[in-house]
Amino acid sequence: MAALLKKLLGPKTALAASSRGVGRREASLGIDAGVAVRVRFAPSPTGFLHLGGLRTALYNYIFAKKYQGSFILRLEDTDQTRLVPGAAENIEDMLEWAGIPPDESPRRGGPAGPYQQSQRLALYAQAAEALLRSGAAYPCFCSPQRLELLKKEALRSYQTPRYDNRCRNLSQAQVAQKLATDPKPAIRFRLEEEAPGFQDLVYGWNQHEVASVEGDPVILKSDGFPTYHLACVVDDHHMGISHVLRGSEWLVSTSKHLLLYQALGWQPPRFAHLPLVLNKDGHKLSKRQGDIFLEHFMAAGFLPDALLDIITNCGSGFAENQMGRTLPELITQFDLSRITCHSALLDLEKLPEFNRLHLRRLVSSDAQRRQLVRKLQALVEETFGSQLRDRAVLDPAYLERIILLRQDLVSPLYSYLWTRPTVGREQLGAISEKVDKIAERVLGLLERSGASFTQDMLNRELKKLSESLEGTKHSEVMRLLRVALSGQPQGPPVAEMMVSLGPQEVWERIQKVLSS
């Protein structure tokens, strides 16, 4: 650290900008003629990619593509104690699966690499040197024990914990003396009393007097790794980031970042802070719920386009709120100036509806339909294997029909689509004494309906069938049919099951009941 304190920084650089020849809307967004739009998605690989992260990545991607810019993936892996094995790979895998691959990334490389912060430590050291040299930063020798004591005392007094800036005014002699026994102190940034204001592209004019509510922050830890505040400023500058689109939780920290830009003599990017994505009840998406991670949706058979559609549909940034937008349409219609400050309420119960909409679009294309059918055939064989006694379930016509009805096609709940149940007479008799009569009436219904029936029609006819059986409840008939068709006491509505299976397969299964 003594050497770091003595080294000199080379000449400072600044980004140049020009607004020649751009439209009024583009100029208001800080898009200048001759200056490339470059945005970044910068997650920490302390967990796998979830819906909140996907929304941030997507808005960056469509903003970049709308203005012929570059979308960069940067992994902020400086907190080495919290890294999750496989998370870095998962993040990039899921972006590619979602159809929004980065132009530059750890995997793809690029002109501004490396794209992992743990591989960019020299740049942070250089920036720290510059700040030490100018007096904008100083070494801090406070022990973890002292800092923990400060925190406990503040909490005991019902105050917000903050550093008391004890090392801010050490003399050169005192610093030299402490360096002799502690050669690797942390580096803190000296907060100015008047923080610069800025025009956020979503939240408007903002200014936060950070020095009045918190102590000087650590920007470089004693192990040589930076904190978020220094790393994001240094990386955004050296990577030529023109616009920072990130979560609104970083809005208050932006004044601190602008102080760092100012101290380093660098031109800051434009900022747009995105409102939170919440559950439909207004609570935060919980990472403890496994069903918000993209791997869950991929394994359940949801289409990437359906996810992109629903997370933009629940928020803002578009002139109209409509379902069924494809990625090219999202890019064309996106308008950053239309993003509001209101949180986006995500109703995942509507996701199957979005998924069916995009499935219909895919199935309407011959080439994409054949590709979907091949994928489903492989998935069914992989999942059920030797249980597939009747290979007719892999017939393309059968697969095309059920693709439009369900999205979680190989979950245990829908195993009846691929395997005929083994149901004994005793099991059915326990549900109703009129097993044969119910089966015969259903076969008669199938004969009258012919090769085509709808869910609504079946619901009406099955209700009439139940009413014609004296002393038999409708729920009893439905329960018996569900078990006969699927072997399961619970599942989708019976009419939906019958439409999924088709008249011929329903006939085969009901006929089996009569012969058992």
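# A buried arginine and its surroundings

Arg 74 is buried, with a relative accessible area of 0%. Buried means under 20% relative accessible area, exposed means over 50%, and partly exposed lies in between (1.4 Å probe, protein chains only). The model is predicted: local features need pLDDT of at least 70, side-chain atom pairs count only at pLDDT 80 or more, and totals for chains, interfaces and linings use all residues. Residues are numbered from 1 along each chain as its sequence is written, and side-chain values use heavy atoms, leaving out hydrogens and water.

## Salt bridges

Side chains of opposite charge can pair when their charged atoms come close. The rule here is simple: a salt bridge is a side-chain nitrogen of Lys or Arg within 4 Å of a carboxyl oxygen of Asp or Glu. The count by this rule is 22 salt bridges.

Arg 74 takes part in one of them. Its partner is Glu 76, and the closest N and O atoms are 3.2 Å apart. Glu 76 counts as buried, at 9% relative accessibility.

Now take Asp 164. Asp 164 forms a salt bridge with Arg 146, and here the closest N and O atoms are 2.5 Å apart. This pair links distant parts of the chain, 18 residues apart: Asp 164 sits in the loop between helix H6 (144-156) and helix H7 (172-181), while Arg 146 belongs to helix H6. Helices are DSSP runs of H or I with at least four residues, strands are DSSP runs of E with at least two, and both are numbered from the N terminus.

Asp 335 and Arg 338 also meet through their side chains, in a salt bridge of 3.6 Å, N to O. Elsewhere, salt bridges with shared partners join Arg 40, Arg 74, Glu 76, Arg 120, Asp 235 and Asp 236 into one network. So Arg 74 pairs with Glu 76 because their N and O atoms meet the cut-off of 4 Å, with 3.2 Å between the closest atoms.

How open are some of the residues in this report? The table gives their relative accessible areas.

| Residue | Relative accessible area | Class |
|---|---|---|
| Asp 335 | 5% | buried |
| Arg 146 | 19% | buried |
| Asp 164 | 39% | partly exposed |
| Arg 338 | 42% | partly exposed |
| Glu 192 | 42% | partly exposed |
| Arg 108 | 45% | partly exposed |
| Tyr 158 | 79% | exposed |

## Strands

Two strands pair if DSSP finds at least two bridges between them. Strand E3 (residues 137-140) and E4 pair in the antiparallel sense over 4 bridges. Tyr 138 stands opposite Arg 188 in E4. E4 also pairs with strand E7 (residues 218-220), again in the antiparallel sense, over 2 bridges. There, Val 218 in E7 is the bridge partner of Arg 188.

Strand E8 (residues 243-247) is largely enclosed by the rest of the structure, because 5 of its 5 residues are buried. E8 and strand E9 (residues 270-274) run parallel and are joined by 5 bridges. At one of these bridges, Gly 247 is partnered by Leu 274 in E9.

## Loops

The loop between helix H4 (87-97) and helix H5 (121-134) holds Arg 108. Arg 108 lies 348 residues from Asp 456 in sequence and 51 Å from Asp 456 in space, C-alpha to C-alpha. Pro 114 is also in the loop between H4 and H5. The peptide bond from Gly 113 to Pro 114 is cis, with omega near 0°.

The loop between H6 and H7 holds Tyr 158. Phi of Tyr 158 is near 60°, a positive value in a residue other than glycine. Asn 165 is found in the loop between H6 and H7 too. Phi of Asn 165 is near 60°, also positive in a residue other than glycine.

## A negative patch

Which residues form a negative surface patch? They are Glu 192, Glu 193, Glu 194 and Glu 209. Patches are made of residues with over 30% relative accessible area and no salt bridge, with like charges joined within 9 Å and nonpolar side chains (Val, Leu, Ile, Met, Phe, Trp, Tyr) within 5 Å. Asp and Glu count as negative, Lys and Arg as positive, and His and the chain ends are not counted.

Notes: Accessible areas come from the Shrake-Rupley method with a 1.4 Å probe; for residues, only the protein chains shown count as cover. The place of a charge is taken as NZ of Lys, CZ of Arg, CG of Asp or CD of Glu.
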